[in-house]
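Please examine the structure shown here before reading the briefing.

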Amino acid sequence: DLNERSHGEKGLVEYYGEKLKRGNISEIIYLLKYILDKNGPDRVAQRFCGRNEKYRRCHRDAYRLLSQIKKEDLFVHIKLIIGYQNKLI
């Protein structure tokens with residue numbers, strides 16, 4: 001999409017945070033790892049972010065979009081985001 005974002009790791013945080021509707025880097029990392037490791041919850045499962053609402057009403061669209069990213073690329077993005085988080089500490 002055409003939204004302006006920062007470059008590098010900060011841009012990845014902004015992109016994934018926007019798609020996952022999260023601003024907390026730790027939550028973004030957790031959700032990306034979930035997407036990387038899972039085949040996806042069924043449509044009536046509880047949200048994988050831990051909140052008490054059905055998956056289909058929360059993150060289904062984001063999960064579908066982000067699970068299309070190659071596993072290798074998603075793995076690299078997670079590592080870069082973790083590195084960015086560590087720089088902030």
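The model is predicted.

**Helix H2**
- Helix H2 covers residues 25-37, and its 13 residues should span 18 Å at 1.5 Å a residue; the end C-alpha atoms are 18 Å apart, which agrees.
- Asn-24 caps the N-terminal end of H2, with a side-chain oxygen 2.8 Å from the backbone nitrogen of Ser-26.
- Buried residues in H2 include Ile-25, Ile-28, Ile-29 and Leu-31.
- Helix H1 (8-20), helix H3 (60-66) and H4 are among the elements that cover the buried residues of H2.

**Gln-85 in helix H4**
- Gln-85 belongs to helix H4, which comprises residues 71-88.
- Leaving aside residues up to four places away in sequence, Gln-85 touches Ile-25, Ser-26 and Ile-29.
- The side chains of Gln-85 and Ser-26 are joined by a polar contact of 2.8 Å.

**Salt bridges**
- The whole structure contains four salt bridges.
- One of them pairs the side chains of Glu-9 and Lys-87 (3.8 Å, N to O).
- This pair links distant parts of the chain, since Glu-9 lies in helix H1 and Lys-87 in helix H4, 78 residues apart.
- Glu-9 counts as partly exposed because its relative accessibility is 23%, whereas Lys-87 is exposed, with a relative accessible area of 60%.
- Another salt bridge joins the side chains of Arg-22 and Glu-27 (3.1 Å, N to O).
- Arg-22 counts as buried at 11% relative accessibility, while Glu-27 is partly exposed at a relative accessible area of 33%.

Definitions and conventions. Residues numbered from 1 in each chain as written. Predicted model: local features only at pLDDT ≥ 70, side-chain atom pairs only at ≥ 80, totals over all residues. Heavy atoms only, no water. Helix = DSSP H or I, 4+ residues; strand = E, 2+ residues; numbered from the N terminus. Polar contact = N/O pair within 3.5 Å; in protein donor to acceptor, adjacent residues only side chain to side chain. Contact = heavy atoms within 4.5 Å. Expected span 1.5 Å × (residues − 1). Buried < 20%, exposed > 50% of the residue type's maximum accessible area, 1.4 Å probe, protein only.
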